[in-house]
Amino acid sequence: VAFLFPQGIPSDGVVNTITPGGYALAGAAAFSGSVTHTLSTALLAFEVTGQIAHILPVILAVLVANAIAQKFQPSFYDGTIIVKKLPYLPRIRSRHIG
């Protein structure tokens, strides 16, 4: 994005500069969230950095990464339980009450 818009992104007469750290924060939170299948990684990223300015991109990145990861693989914790052959609760099927 910084390569495409070296001067920043203009919006309503104001030029918003590109902050690579914001993209790194969103990517790190999304990666961590997709591995663990949790949304709390976004909150942890905000607490560690002390910045809440990038809340929308980080939350969206974590939600999209979670949706994709849950579709294709079990979480890190579920994978560990499966590999160690530990007992665990089966998935609960939804019932249609008529």
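User: Does T41 count as buried or exposed?
Analyst: The relative accessibility of T41 is 11%. Buried means under 20% relative accessible area, exposed means over 50%, and partly exposed lies in between, with a 1.4 Å probe and protein chains only. Because its relative accessibility is 11%, T41 counts as buried.

User: What pLDDT do local features need in this model?
Analyst: Residues are numbered from 1 along each chain as its sequence is written, and side-chain values use heavy atoms, with hydrogens and water left out. This is a predicted model, in which totals for chains, interfaces and linings use all residues and side-chain atom pairs count only at pLDDT 80 or more, whereas local features need a pLDDT of at least 70.

User: How far apart are the end C-alpha atoms of helix 1?
Analyst: Helix 1 covers residues 20–36, which makes 17 residues. The expected span of a helix is 1.5 Å times one less than its number of residues, so helix 1 should span 24 Å. That expectation agrees with the model, where the end C-alpha atoms of helix 1 are apart by 25 Å.

User: Which helices do the buried residues of helix 1 pack against?
Analyst: The buried residues of helix 1 are G22, L25, A26, A29, A30, G33, S34 and T36. An α-helix has 3.6 residues a turn, so residues three or four places apart point the same way. The partners against which the buried residues of helix 1 pack are helix 2 (40–49), helix 3 (55–72) and helix 4 (76–83).

User: What is the phi of H37?
Analyst: H37 lies in the loop between helix 1 and helix 2. With a relative accessible area of 18%, H37 is buried. Although H37 is not a glycine, its phi is positive, at about 60°.

User: Does K85 count as buried or exposed?
Analyst: K85 is found in the segment after helix 4. K85 is a residue other than glycine, yet its phi has a positive value, near 55°. Because its relative accessibility is 72%, K85 counts as exposed.

User: How many residues does helix 1 give to the lining of the largest pocket?
Analyst: On a 1 Å grid over the protein atoms alone, a pocket is an open set of points with protein on both sides within 12 Å along at least five of seven lines, and its lining residues have an atom within 4 Å of a point. The largest pocket holds about 220 Å³ of space, a volume being the space filled by probe spheres set on grid points that are joined across faces, edges and corners. I9, N16, T17, I18, T19, G22, Y23, A26, A53, H54 and P57 line this pocket. The largest share of that lining comes from helix 1, and its number of residues is three.

User: How many charged residues are in the lining of the second largest pocket?
Analyst: The second largest pocket, with a volume of about 170 Å³, is lined by P74, D78, I81, I82, Y88, L89, P90 and R91. Ala, Val, Leu, Ile, Met, Phe, Trp, Tyr, Cys and Pro count as nonpolar, Asp, Glu, Lys and Arg as charged, and the others, Gly among them, as polar. By these classes the lining has six nonpolar residues and no polar ones, while the number of charged residues is two.

Terms used: Helix = DSSP H or I, 4+ residues; strand = E, 2+ residues; numbered from the N terminus. Contact = heavy atoms within 4.5 Å. 1 Å grid on protein atoms, 1.4 Å probe; cavity = no way out; pocket = protein on both sides within 12 Å on 5 of 7 lines; lining within 4 Å.
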